[in-house]
Amino acid sequence: MRLAFISDIHGNIHALTAVKRFLSENIVNQVIVVGDLVGYGASPGPVIDFVKREGWVVGLGSSDMRVAMDMGERADRKGVADQVLNWTKKMLTPDQVDFLRRLPPGGRIMTPVGRVRFFHGSPHDPEQRMDLMAPERELETLADSLGARVVLVGGTHVPFIRVIGDTTFVDPGSVGLTLNHEPGADVVLVDCVGRKPKVTLHKVTYDFASSAFDIMAWNLPPVIADVIRTGRMG
């Protein structure tokens with residue numbers, strides 16, 4: 001049994017299309033999106049339609065929640081992300097917004113090696129980012145409460161794996177806006193065979209120039225195009 005996990009697509013249809021090609025060459029039983037279909041990128045509607053058409057399992061991300069639900073305006077949120085999220089709200093159809101609104105905060109999958117849990121931030125709050133560099137005792141307690149062999153969380157845009165006891169903690173990174181200093185779309189494959197899961201990180205190349213061009217064509221913040229091209233912020 002092989003699962004593919006992706007996260008933080010952020011409206012980047014060019015990256016998402018490349019990921020589909022990659023997955024067609026690396027056969028998987030199921031694809032799971034760990035939140036944030038929208039935000040930053042110039043194609044939020046096409047990304048939503050894409051994952052709906054593919055029938056992939058999708059969890060609610062923090063950007064998805066802020067677009068789909070009336071969170072109110074906050075004075076401390078006036079950055080690049082907020083500019084794009086306000087633009088995104090105007091670009092989506094009612095059906096696309098409703099799709100985001102209906103997304104669950106996470107999920108669980110039973111596999112031959114045990115339970116796999118996934119959520120964007122914390123088990124109950126997509127906006128509460130989990131610290132995978134936390135002390136081992138803290139993560140051991142979380143693993144015990146979840147009863148999971150693999151725990152996947154998103155939000156940092158940096159691929160990461162950490163094994164604590166019998167549990168593997170994974171951040172899949174970002175499909176649409178990776179920040180690990182290497183441009184491309186991040187994908188995690190989890191092979192659930194044998195005595196323990198095998199987790200591998202992959203970087204998928206795609207047409208960065210077209211994604212960056214779309215940002216500029218829609219007059220979105222140029223810094224987003226820079227991150228897409230370089231894989232780094234600043």
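Predicted model: local features only at pLDDT ≥ 70, side-chain atom pairs only at ≥ 80, totals over all residues.
- Thr167 sits in strand β8, which covers residues 167-171.
- Is Thr167 buried or exposed? Its relative accessibility is 7%, and buried means under 20%, so Thr167 counts as buried.
- The Thr167 side chain also gets to within 2.9 Å of a backbone oxygen, the one belonging to Ala148.

**The sheet that holds β8**

- Five strands make up this open sheet, in the order β4-β5-β6-β8-β7, and the pairing is mixed.
- At the edges you'll find β4 (106-111) and β7 (160-164), each pairing on one side only.
- Ignoring direction, neighbouring strands here are turned by 15° against each other on average.
- β8 and β7 are antiparallel partners, with five bridges between them.
- As for Phe160, its bridge partner in β8 is Asp171.
- Helix α6 (residues 136-146) packs on this sheet and touches β5 (114-119), β6 (150-153), β7 and β8. The direction of α6 makes about 85° with that of β7.

**The β3-β2-β1-β9-β10 sheet**

- Here's another open sheet of five strands, ordered β3-β2-β1-β9-β10 and again with mixed pairing.
- Its edge strands are β3 (57-58) and β10 (198-204), and each of them pairs on one side only.
- How many bridges join β9 to β10? There are seven, and the two strands run antiparallel, with β9 spanning residues 185-191.
- Asp186 has Lys203 as its bridge partner in β10.
- Helix α1 (residues 13-25) lies across β1 (2-6), β2 (30-33), β9 and β10. Relative to β9, α1 runs at about 30°.

**Helices α7 and α8**

- Two packed helices are described by the angle and the distance between their axes.
- For α7 (residues 208-217) and α8 (residues 222-230), the axes come within 8 Å and cross at roughly 175°.
- Angles over 145 degrees count as roughly antiparallel, so that is how α7 and α8 lie to each other.
- On the α7 side, the contact is made by Phe208, Ser211, Ala212, Ile215 and Met216. From α8 come Pro222, Ile224, Ala225, Ile228 and Arg229.
- Sorted by class, the residues in the contact of α7 with α8 are eight nonpolar, one polar and one charged.

Notes. Residues numbered from 1 in each chain as written. Heavy atoms only, no water. Helix = DSSP H or I, 4+ residues; strand = E, 2+ residues; numbered from the N terminus. Buried < 20%, exposed > 50% of the residue type's maximum accessible area, 1.4 Å probe, protein only. Polar contact = N/O pair within 3.5 Å; in protein donor to acceptor, adjacent residues only side chain to side chain. Axes fitted to C-alpha atoms, helices over the stretch in contact; angles between N-to-C directions. Parallel < 35°, antiparallel > 145°, perpendicular 65-115°, else oblique. Contact = heavy atoms within 4.5 Å. Nonpolar A, V, L, I, M, F, W, Y, C, P; charged D, E, K, R; others polar. Pairing = 2+ DSSP bridges.
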